[in-house]
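Keep the structure open beside the text and follow along.

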Amino acid sequence: MSVYKRGGIYWYDFWFQKTRYRESVGLGNKTVALRIEAIRKAELAQGRGGITRHGPSPTFEDFVNKEFLPWSKKQHGTHPRTHERYKVSSRRLVKSFGRLSLDAISTAHVENFKVIRSEEISPAGTNRDLAMLRFLLNFALRQGHIARNPARGVKMLPEGPGPMRVVSHEEQRRYLQAASPLLSDIGMLIVESGLRPEEAFRIRREDAHPNQAYLFIPEGKTRFARRNVPLTEGALRVLKHRMVATKQTYLFPRRGDPTKPTTTVYKAHKEALKDARITPPFRLYDLRHTFGSRSAMAGVDLATLKEIMGHAHISTTMRYIHPTPEHKRAAVQKLEQFNAEQVFAMYEGHAESPQKSPQ
């Protein structure tokens, strides 16, 4: 049989035009392995398998670490955040494709990666990984390692506006109690200031101004993200604590390299939700949604809220407004009270009802 299992992973082994193809599919599912083998044979038969390339093809992991990332570091020298994002994104791709040679990666591999990844993260996150994979393989194509990009033509997942969850005060209390010290500080800062998670991760000591009760955000996804963020007492306590707790440039330094900022707290967030027994779960970003909704319910006008949250358009700010059921009931009670006062005023013999329009 041309498909066999070794170390929990299936491989295929066959000959085509006097050339032997023995490659790992990177998965432990035999049915999928057979499908990948069939697609690989079809690609070779159609002249799309890269068999005209001379010399061995590097593994995906070697290509990423020895060619792509060094190129990216030089290419994006003036934009180090772009290079850092590529480094972070490539880790998950290496985990899935690392042992495969570049010319062994097929469209079936990419489609299966999409399915598996979509079960781990949101459609938007999966699409970012797919876009990164496509970019990597286009670079490999330009370098002559492959004859075609197997990620080309793979459709992205539909994203939609995405779910928005408002966290209750009780859920917030349980979550912050269950969270690690680092996550608790980050979560408190986001829900009290409306920062994006990446903005909280990258807070520098020089941008924190506790005496003036504001935080400066120097850059972001749009020019509107550059702003001064006023801070509540709760956010100020976190900021002052972090400035004492760490002497690094970044107030939330990376564990393995304190000269760089934290890039993710995904595992800690999942553990905190589990320990706090919060269902349905919420995303870290939902703490920003919660800030926006609470601010609107507290009476903050949308124009001001737009500036605080760093939105380009007020229509974006409006998406963050999610009145709670309690707030909606309170609104109806206000209407009932208003109506009752009008009726009472009418029967008391007032000359004009307060609701009458002026002439």
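Helix 10 spans residues 266-276, and its buried residues are His269, Ala272, Leu273 and Ala276. Here, buried means under 20% relative accessible area, exposed means over 50%, and partly exposed is in between (1.4 Å probe, protein chains only). Helices are DSSP runs of H or I with at least four residues, strands are runs of E with at least two, and both are numbered from the N terminus. An α-helix has 3.6 residues a turn, so residues three or four places apart point the same way.

Turned away from the buried side is a face that carries the exposed residues Lys267, Glu271, Lys274 and Asp275. The cover over the buried residues of helix 10 includes helix 6 (169-178) and helix 7 (181-193), where contact means heavy atoms within 4.5 Å. After helix 10 comes Arg277, with a positive phi near 55°.

## How the model was read

This is a predicted model, in which local features need pLDDT of at least 70 and side-chain atom pairs count only at pLDDT 80 or more, while totals for chains, interfaces and linings use all residues. Residues are numbered from 1 along each chain as its sequence is written, and side-chain values use heavy atoms, with hydrogens and water left out.

## The chain as a whole

The protein chain has 14 helices and six strands. Its radius of gyration is 27 Å, well over the 21 Å that the globule rule gives for 359 residues, so the chain is more spread out than a compact globule. That radius is taken over C-alpha atoms, and the globule rule is 2.2 Å times the number of residues to the power 0.38. Along the principal axes, the C-alpha atoms fill a box of roughly 105 × 50 × 45 Å.

Of the 359 residues, 42% count as buried. Among contacts in the protein chain with a separation of 6 or more, 61% come from residues 24 or more positions apart. The accessible surface comes to about 20700 Å², and 54% of this belongs to carbon and sulfur atoms; the areas come from the Shrake-Rupley method with a 1.4 Å probe, and for residues only the protein chains shown count as cover.

## Strands and their partners

Strand 1 (residues 3-6) and strand 2 (residues 9-16) run antiparallel and are joined by four bridges. Two strands pair if DSSP finds at least two bridges between them. Val3 has Tyr12 in strand 2 as its bridge partner. The hairpin of these strands has two residues between them, and Gly7 takes a positive phi near 65° there.

Further along, three strands form an open, antiparallel sheet in the order 4-5-6. Strand 4 (208-209) and strand 6 (227-230) are the edge strands, each pairing on one side only. Strand 5 (residues 214-217) pairs with strand 6 over four bridges, and Tyr214 has Pro230 in strand 6 as its bridge partner.

His311 sits in the loop between helix 12 (302-309) and helix 13 (314-318). Is His311 buried or exposed? With a relative accessible area of 4%, His311 is buried. Its side chain makes a polar contact with the side chain of Thr317 at 2.8 Å. A polar contact is a pair of N or O atoms within 3.5 Å; within protein, one must be able to donate a hydrogen and the other to accept it, and residues adjacent in sequence count only if both atoms are side-chain atoms. Leaving out residues up to four places away in sequence, His311 touches several residues, including Arg196, Phe224 and Arg288.

Arg196 lies in the loop between helix 7 and helix 8 (197-201) and counts as buried at 5% relative accessibility. The side chain of Arg196 makes a polar contact with the side chain of Glu199 at 2.7 Å. Beyond four places in sequence, the residues that Arg196 touches include Lys221, Tyr285, Arg288 and His311.
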